[in-house]
Amino acid sequence: MHGFSYRNGSLYCENVELAPLAAEYGTPLYVYSAGTILDHYGRLDAALDGVEHEVAYAVKANSNLSVLRLLAEKGAGFDIVSGGELFRVIKAGGDPRHCTFAGVGKTCEEIQYALEQEIYSFNVESEEELRYLNEVAGEMGVVAPAAVRVNPNVDAKTHKYISTGKSENKFGVDFEKIEGLYERAAAELPNVRMRGLQMHIGSQLTSVAPFVEAVEKVAPLVESLKERHGIEFWSIGGGIGIVYEGSLESGGVAWWEAKSEDERPLTAEVYGKSIVPRLRETGLKIIVEPGRFIAGNAGVLISKCLYEKKGAAKTFKVVDAGMNDLIRPALYEGHHDIVPLIEPSTGETVEMDVVGPICESGDFFCQNRKLPDFQRGEMIALMSAGAYGFVMASNYNSRPLPAEVLVDGDRAALVRKRQTMDDLIAGEL
Ligand code: LLP
């Protein structure tokens, strides 16, 4: 389910019409649906019912304080990758004792901060990092809870930039080296306590098979670690993919119901059903770290058409959002559906490139796509931009960061102001 649909010819987010919202707050504008975020959280939580578990939202996907607060209120845990993300979680009312700290390059200051806040676990990515964690914890007179990230060498079959579980990726410790590392930790590192094992094979996985393969492969390893070292949790990472194409096809409500079994997106139900039995056998607490699954379809980026430009070979629509606001098409060849805020009265389309104002040829949202022929002044929504949208935005070309609005039922609240020109130079000396 997602909260975006046309009503009487106008695009709504839940019960709020988007065109007046965009007129009020200006464009480019990110709009999120609270109902969608909570629905996705609830679906995944329910799908894992058969096993002791925690849904630890991957903050990197969308770290707006109001989004974090929604999830904190539901009792979510958080998967963080920096001191900054931990700071945000705490500011939003999240509990650091339900935070896992991932990432290959934690700094001394970040480790100290996370130890002070008593996070649940450091998900460590190398032996050197584990030894350093032991050292920092020792200096502080505490014991650091830790898990090693195993690289299971499984092909996630996703874009190469978001695949993480193969031996050639920088992430995790080779499967074969894990047991030895836990032995050495037990013998030599008195200031770390091995609390679990972590893995994450990649992002935007649209089939369940790689998850099943990774779970089957790693389950005997976690069972052995539980027996020998008393670990208590297994984090199986995030990565559940979402559907980026055809998101408004059947009115936005449970639209995948209309699709045949094999065309359906990877649902929480299928994910749960396929792995829960094996997870349960381990007797461990299971952590999942979804980002995109929770926030992806819950957000859109609204942009206004500035100009039409008919080149010799192509029609370009120049819009006021750029790759600095939403970089996924440029970076991962990511697809985002583009729909006008006012529903076109005919099904007619024109082949076009929708491009931004940035001085880069990679600054496009689509190429050679057939879309309704929207004109200067009309507004469009780039769909499924709730995850890895705003968080990856930059000030490139000295463009202020867009505003963010959160919709909940009939209510829309500005949850981040658009940056001003002064914000752009604040901090420069
Ligand atoms: N856990 C770890 C250790 C991760 O590295 C990630 C994502 C997640 C969980 C959450 O993955 P998700 O459930 O969202 O797939 N910017 C890219 C995606 C990068 C993902 C990085 N790691 C994109 O826009 O496609």
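The structure is a predicted model, in which local features need pLDDT of at least 70 and side-chain atom pairs count only at pLDDT 80 or more, while totals for chains, interfaces and linings use all residues. Residues are numbered from 1 along each chain as its sequence is written, and side-chain values use heavy atoms, with hydrogens and water left out.

The protein chain falls into domain 1 (4-12 + 22-28 + 297-425) and domain 2 (34-294), with bounds taken from an automatic or database domain assignment. Taken over C-alpha atoms, the centres of domain 1 and domain 2 lie 31 Å apart.

Contact (heavy atoms within 4.5 Å) joins 27 residues of domain 1 to 27 residues of domain 2. Between them, domain 1 and domain 2 bury about 2,200 Å², 56% of it on carbon and sulfur atoms; buried area is the accessible area (1.4 Å probe) that two parts lose on being put together, summed over both. Of the area that domain 1 buries against domain 2, 26% comes from Asn-297, Tyr-332 and Tyr-388, more than from any other three residues.

On the side of domain 1 that touches domain 2, strand S1 (4-7), helix H11 (328-332), strand S20 (403-408) and strand S21 (411-416) each supply at least two residues. S20 gives the largest share of that side, four residues. Helices (H or I, at least four residues) and strands (E, at least two) are DSSP runs, numbered from the N terminus.
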